[in-house]
Amino acid sequence: MRIFLIGFMGCGKSSLGKRLSRKINFDFIDLDILVEEKAQKKIERIIKEDGEQTFREIERQALLSLSEFDNVVIAAGGGAPCFYDNMHTILSMGISVYLKMNPLSLAKRLEDSKHFRPLLKNKSGQELVDHIRTMLIEREKYYLQANCVIKGENAKPDHIIRLVFGESEKFFVNK
Ligand code: S3P
């Protein structure tokens with residue numbers, strides 16, 4: 001089984017994904033890290049030196065390579081579901097959960113984050129909120145195809161466990 005966490009940059013996919021994977025004894029894969037390993041460079045450099053199109057192609061290949069893994073929780077980069085046929089690929093490879101968060105919460109979390117996001121172009125304040133709102137209008141049509149949608153604010157591993165395994169497979173959980 002593969003569990004994909006999808007959603008906008010800053011919605012908490014990686015931190016929730018790591019905690020979830022520990023709780024259910026799955027491995028954790030961060031798609032961004034897989035991309036960087038494949039390209040042998042940081043995403044920031046790929047986008048700057050080779051362009052976003054090249055980054056999206058590597059991201060697509062990295063996504064397809066996940067078919068080699070089983071019993072994994074995957075944090076997909078924020079744009080991953082929105083390019084090529086990637087959302088269809090995600091749906092065919094596993095169970096997907098969209099961590100939905102409003103633009104204001106996302107902007108606050110992104111401003112507090114130490115992680116540099118090249119596509120946000122150093123925006124802050126109201127400009128960042130507006131930028132996120134515009135990007136979300138374009139992206140939510142992909143995110144909302146996920147098998148489950150949960151509120152990203154205060155999302156806990158147990159919420160996802162209940163959605164994915166229901167009551168019957170609690171034995172997966174490390175107590
Ligand atoms: C991107 C999100 C980033 C990373 C890249 C592009 C996007 O991942 O893949 O900077 O297009 O939303 P996170 O969502 O993990 O920040």
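Trainee: Which residues line the second largest pocket?
Mentor: This is a predicted model, where local features need pLDDT of at least 70, side-chain atom pairs count only at pLDDT 80 or more, and totals for chains, interfaces and linings use all residues. Numbering starts from 1 along each chain as its sequence is written, and side-chain values use heavy atoms, without hydrogens or water. A pocket here is an open set of 1 Å grid points where a 1.4 Å probe fits, with protein on both sides within 12 Å along at least five of seven lines, and lining residues have an atom within 4 Å of a point. That gives Leu110, Glu111, His115, Phe116, Arg117, Leu120, Asn122, Lys123 and Leu128.

Trainee: How many of the residues lining it are charged?
Mentor: Asp, Glu, Lys and Arg count as charged. The lining of the second largest pocket has 4 nonpolar and 2 polar residues, and the charged ones come to 3.

Trainee: Which residues lie nearest the centre of the largest pocket?
Mentor: The largest pocket has 33 lining residues. Its lining splits into 13 nonpolar, 9 polar and 11 charged. Nearest the centre are Met9, Asp32, His115, Phe116 and Arg117.

Trainee: What is the volume of the largest pocket?
Mentor: Volume means the space filled by probe spheres set on the grid points. The second largest pocket comes to about 160 Å³. For the largest pocket, the value is about 720 Å³.

Trainee: What share of the protein chain is buried?
Mentor: Buried means under 20% relative accessible area with a 1.4 Å probe, protein chains only. The C-alpha atoms fill a box of roughly 45 × 35 × 30 Å along the principal axes. Of the 175 residues, the buried share is 50%.
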